[in-house]
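Open the model in the viewer and keep the selection panel at hand. The stops below go from the whole chain to single elements.

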Amino acid sequence: MNKQTIITILLVFAAMVGKGQVKSGLDLCLRDEATGEWLIGLFDDYAIYDCEYWNYAEVGKDHVVLTKDGQRKEVRLKKNAAIIDGSKHKTSVLTAQFLPDYPSKDETSWPSGINAEEGNFTLRVCVHTTKKEADFVSYIHRLFDDKQIVEHSKIDEQGRFEVRMPVNGPAVMGIHNESEHPLEHTFWGRIIVENNDTLLLYIDDVNQRTYLMGGKYARFNNELMGSDFHPKFVNTNELTIDSTIIQQRHWMAVSQTRMDSLKMARPNLSHRFLTYYQDNIQRHFGYPMIVKCCWPSHDENQEELLKKTEAELNPLLWMRSEVPLMCRDGFLTNFINYTSALIDIKSNRLLTDPDVFLLRLHQEGKVRLTDEEMQKVKNFAEIEKELRTHPNTDVSLYNVFQSDIIPILGKPLIAQYWDWDISEKYVPLEISVLNSLDLDDATCEILKAQTIMRDIDGKSHIRTGSSRGSSSPSHPSHRQRQSTYHRLPGRE
């Protein structure tokens with residue numbers, strides 16, 4: 001290799017390095033006034049356009065040339081306008097924390113039915129922050145088994161990272177930066193994603209700005225990030241069901257008034273946003289009442305609790321919503337608690353008595369109870385027998401059950417066998433309950449699939465002899481099985 005060739009190579013390399021280091025001196029986010037969306041971000045080191053990162057090939061007065069993977073894009077900046085590759089956009093500079101209201105209404109409804117096709121979505125995140133630590137956690141639930149997928153991401157030297165996850169149709173994705181204290185979060189939010197979508201989330205912790213670009217739900221997500229009108233949640237833990245209902249009726253009235261005011265102040269809010277938040281209000285309204293139904297205290301009648309709760313919720317048609325199941329934030333928590341209460345009432349004494357169950361496991365050699373545990377199980381059986389013949393005995397079987405039996409049932413391997421035992425009766429009962437409820441067909445089929453998948457997953461641990469290492473059983477209604485005893489005949 002001669003001297004001239006070496007010099008040529010060095011010059012080309014220097015030109016490439018210099019080209020990659022072109023800076024714009026800009027810190028500019030432009031909004032397309034016609035669509036209301038975030039159009040382009042022109043920052044010092046790079047630009048963001050069409051959900052992609054671009055480098056600067058040239059920087060001049062009122063114009064830049066962007067480059068990426070051999071592509072070039074010319075951007076000319078005029079007063080209140082940007083011309084990108086010859087296409088003119090009327091623009092405004094974004095300075096507020098979130099995107100301003102969109103310029104026109106959007107009556108697009110949510111998709112219906114079941115999307116069985118699973119595909120990946122891509123979320124690119126760009127973080128402008130002065131914090132030394134800004135690692136992020138992203139999570140989403142799968143459609144048919146409701147298992148949570150979690151991704152941990154580290155930002156690169158430019159504050160960027162990318163997440164790809166599989167999803168069937170629209171679903172809620174949660175994302176936040178890792179922090180020991182929740183008040184120190186750079187970002188904590190939920191966005192709607194869909195398979196085969198690409199989105200770019202820009203989080204400016206320095207100037208307090210958050211914008212989202214791209215994807216089928218860009219408008220909804222930007223509206224969601226910029227709106228929060230719920231009044232403070234009412235703590236009803238210590239209230240009776242009647243007092244809870246009174247409190248929640250007041251909460252609902254305040255929420256509806258705030259929502260009506262929001263609609264008047266922001267008439268162009270999208271149909272998807274309004275239906276989502278109406279659904280969200282109903283979820284908050286019903287939550288304290290449904291929890292009381294699922295976890296009644298020992299002196300409450302579960303059927304009476306459920307009857308009063310249904311009288312409040314059924315007129316709202318709370319089980320049906322235009323919003324797809326995996327976008328109904330928090331709905332599954334309410335629904336699982338509600339169906340648990342129904343199944344408790346319907347199952348009554350179908351489930352195996354825990355003392356009989358534990359003694360059988362010990363005798364079959366599947367588990368080994370300690371002498372102390374064996375004594376507690378036998379003592380529980382004696383108290384139960386005594387209460388059958390002398391129901392007025394001043395002994396609480398429920399208290400003994402809570403203090404002595406639940407810790408034994410909660411041991412990982414025993415919990416797995418207990419799951420298996422109740423599944424033989426529980427799963428068909430849950431399927432019949434789901435079929436009896438006022439659910440749309442798609443939601444009902446998804447919930448039945450989740451029930452069956454949980455059952456298969458739970459039983460597979462027993463077949464393989466593995467331990468999940470959990471101190472509580474996996475079945476969503478198993479904890480409620482533990483509180484069944486105080487409602488059974490002779491168990492007061």
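What percentage of the 492 residues in the chain is buried? Select the whole chain of this predicted model: buried residues make up 50% of it. The accessible surface comes to about 24,400 Å², and carbon and sulfur atoms account for 50% of that area. Colour by secondary structure next; the chain has 12 helices and 16 strands.

Now select the strands β1 to β8. They form a closed barrel of 8 strands in the order β1-β2-β3-β4-β5-β6-β7-β8, and the pairing is antiparallel. Ignoring direction, neighbouring strands of this sheet are turned by 35° against each other on average.

Show isoleucine 83, and you will find lysine 88 of β8 opposite.

The last stop is a helix pair: select residues 371-389 for α8 and residues 397-409 for α9. Their axes lie 10 Å apart, at an angle of about 155°, which means that α8 is roughly antiparallel to α9. The crossing of α8 past α9 is left-handed.

Which residues of α8 meet α9? Show side chains for Glu373, Lys376, Val377, Asn379, Phe380, Ile383, Glu384 and Leu387 in α8. On the α9 side, they meet Leu397, Val400, Phe401, Asp404, Ile405 and Ile408.

Methods. Residues are numbered from 1 along each chain as its sequence is written. This is a predicted model: local features need pLDDT of at least 70, side-chain atom pairs count only at pLDDT 80 or more; totals for chains, interfaces and linings use all residues. Side-chain values use heavy atoms; hydrogens and water are left out. Helices (H or I, at least four residues) and strands (E, at least two) are DSSP runs, numbered from the N terminus. Buried means under 20% relative accessible area, exposed over 50%, partly exposed in between (1.4 Å probe, protein chains only). Accessible areas come from the Shrake-Rupley method with a 1.4 Å probe; for residues, only the protein chains shown count as cover. Two strands pair if DSSP finds at least two bridges between them. Axes are lines fitted to C-alpha atoms, for helices over the stretch in contact, and angles run from 0 to 180 degrees between N-to-C directions. Angles under 35 degrees count as roughly parallel, over 145 as roughly antiparallel, 65 to 115 as roughly perpendicular and the rest as oblique. A crossing is left-handed if the near helix is turned anticlockwise from the far one by less than a right angle, and right-handed if clockwise. Contact means heavy atoms within 4.5 Å.
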